[in-house]
Amino acid sequence: MKIFGFKGGVHPADNKSQTENMQTERISMPKMLYIPLIQHIGTPLEPVVAIGEKVLKGQKIGDSKAFLTSPIHSSTSGVVKKIENYDFPLMGKTRTVFIEPDGEEVWCELFPIKTWENATKEELLEKIRECGIVGIGGASFPTHIKLNPPADAKIDTLLLNAAECEPYLNSDNRLLIENTEKVIMGIKILKKILSVENVVIGIEDNKKEAIGKLELALKGTGINLVVLKTLYPQGGEKQLIKAALGREVPSGKLPLNVGVVVQNTGTAAAVFSAIVEGKPLIEKVVTVSGLAVEKPKNLIALIGTPISHLLDTCEANKEVIDRLIMGGPMMGMAQYTSDVPVIKGTSGVLGLTKKETNRCKPRPCIGCGKCVDACPMGLMPIMYARLGEFNLWEEFKTYNIMDCIECGSCAYICPSNRPLTESIKLGKAKVRMMK
Ligand code: SF4
Ligand code: SF4
């Protein structure tokens with residue numbers, strides 16, 4: 001297939017070699033699981049279990065009648081010890097169900113749709129909702145809603161995101177290598193739900209083993225594989241649509257406005273588990289890496305596992321961690337404590353040393369324009385730093401700040417270490433408050 005590419009982008013050192021050939025390993029059971037009652041974009045859930053109640057693995061523990069929600073489930077069998085505010089990786093604290101594992105791993109009754117080929121779209125979407133499937137590439141948008149676009153949206157293409165362009169991370173890559181068939185079956189289910197003929201997987205050319213596996217497994221399926229030149233942030237939805245399909249999503253519009261639904265390949269595997277096995281989303285493949293980590297690994301961790309347990313398993317030296325990040329180094333969230341749990345959107349835990357974070361003092365802007373050239377959204381990052389310095393938040397709107405995908409390419413490329421990311425995040429928050 002033809003490759004179109006996208007404007008801008010940068011080439012950070014990919015640092016994937018530490019874990020790209022490491023087979024996934026299941027981490028040991030922690031003493032306590034901390035399962036937050038919000039792990040999706042939307043309304044927080046209410047607990048549907050009580051303190052002291054015994055729960056089974058896969059049993060629903062939180063739900064809501066609100067539209068934009070996705071239920072959560074117990075990641076193992078055990079006892080609900082507490083329901084209270086606890087450290088949350090995306091901001092401060094949030095209401096959390098504490099589950100003490102009993103070590104038995106007893107599953108609740110599961111209800112797979114064995115003959116999914118004969119099921120209706122509504123039955124499949126209901127099962128995906130009930131199993132708590134969300135986009136596991138980071139945004140955590142409820143999958144059953146994304147797969148049910150408005151009737152006037154003319155969807156003709158399902159695009160699978162296998163770019164995993166963030167440095168260090170290999171969770172999607174390993175899933176594709178080790179569970180190729182599961183991913184492809186999941187894609188077939190997604191295709192049936194969306195009733196589309198055109199199905200494309202976009203992957204970067206630094207994932208040779210996964211590409212080889214996919215090329216073999218896709219023969220005769222009608223699913224197209226597009227191998228893209230590695231370039232960050234190719235995993236952004238709008239960038240991947242442009243690079244793989246040549247379609248431009250206009251400012252303020254969504255992929256569905258150009259006929260496309262994008263799903264992460266990990267989400268496709270989760271959809272397979274939900275439909276064919278009846279299993280809810282209760283575990284994640286997480287890459288644990290960074291120079292502070294003695295033994296980097298790709299771990300299969302239960303949702304709710306404290307990241308301190310992942311760091312200990314990989315023999316991280318916490319003394320030399322300069323920045324602890326959940327996710328990748330470009331778009332991940334810095335953590336102030338390793339008590340925070342793995343959630344549905346967690347794909348990496350990085351213990352970065354000073355050598356890797358390379359924090360230098362900002363110098364005056366030299367007007368080189370490199371940030372403008374690197375911006376994949378065609379924005380003027382140079383202006384955000386200048387306007388932010390003088391608190392001119394109203395002006396941020398003029399420069400389309402809300403189109404920024406917070407990819408960090410501008411900050412990465414800036415030779416003067418201008419605090420672009422900080423200005424952009426603050427500027428977006430201020431503009432949101434103006435509405
Ligand atoms: S302005 Fe936003 S979208 Fe553009 S490079 Fe910077 S962070 Fe990325
Ligand atoms: S890259 Fe940095 S120094 Fe160059 S124009 Fe942008 S903000 Fe200024």
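**Figure 1. The shell around ligand 2 has seven nonpolar, three polar and one charged residues by class.** In this classification Ala, Val, Leu, Ile, Met, Phe, Trp, Tyr, Cys and Pro are nonpolar, Asp, Glu, Lys and Arg are charged, and the others, Gly among them, are polar. The surrounding residues are Cys 365, Ile 366, Gly 367, Cys 368, Gly 369, Cys 371, Ile 382, Cys 414, Pro 415, Ser 416 and Arg 418; a residue is near a molecule if one of its heavy atoms lies within 4 Å of it. The model is predicted: local features need pLDDT of at least 70, side-chain atom pairs count only at pLDDT 80 or more, and totals for chains, interfaces and linings use all residues. Residues are numbered from 1 along each chain as its sequence is written, chains are lettered from A and ligands numbered from 1 in the order in which they are written, and side-chain values use heavy atoms, with hydrogens and water left out.

**Figure 2. Ligand 1 has 13 residues around it.** Cys 375, Cys 404, Cys 407, Gly 408 and Cys 410 come nearest. Two helices, α11 (381-389) and α13 (409-413), each supply at least two residues of this shell; helices (H or I, at least four residues) and strands (E, at least two) are DSSP runs, numbered from the N terminus. By class, the shell around ligand 1 comprises ten nonpolar, two polar and one charged residues.

**Figure 3. Domain 2 and domain 3 bury about 470 Å² between them.** Of this area, 52% is on carbon and sulfur atoms; buried area is the accessible area (1.4 Å probe) that two parts lose on being put together, summed over both. On the domain 2 side, Tyr 232, Pro 233 and Gln 239 lose the most area to domain 3, together 67% of what that side buries. The rule finds two residue pairs in polar contact across the interface, both at pLDDT 80 or more. A polar contact is a pair of N or O atoms within 3.5 Å; within protein, one must be able to donate a hydrogen and the other to accept it, and residues adjacent in sequence count only if both atoms are side-chain atoms. Zero salt bridges are found across this interface.

**Figure 4. A cis peptide bond joins Tyr 232 and Pro 233.** Omega is about 0 degrees. Pro 233 lies in the loop between β11 (224-228) and α6 (237-245).

**Figure 5. Glu 46 and Arg 95 meet through their side chains in a salt bridge.** The N to O distance is 3.1 Å; a salt bridge is a side-chain nitrogen of Lys or Arg within 4 Å of a carboxyl oxygen of Asp or Glu. Glu 46 belongs to strand β3 (residues 46-47) and Arg 95 to strand β8 (residues 93-101), so the pair ties together parts that are 49 residues apart in sequence. The whole structure has 20 salt bridges.
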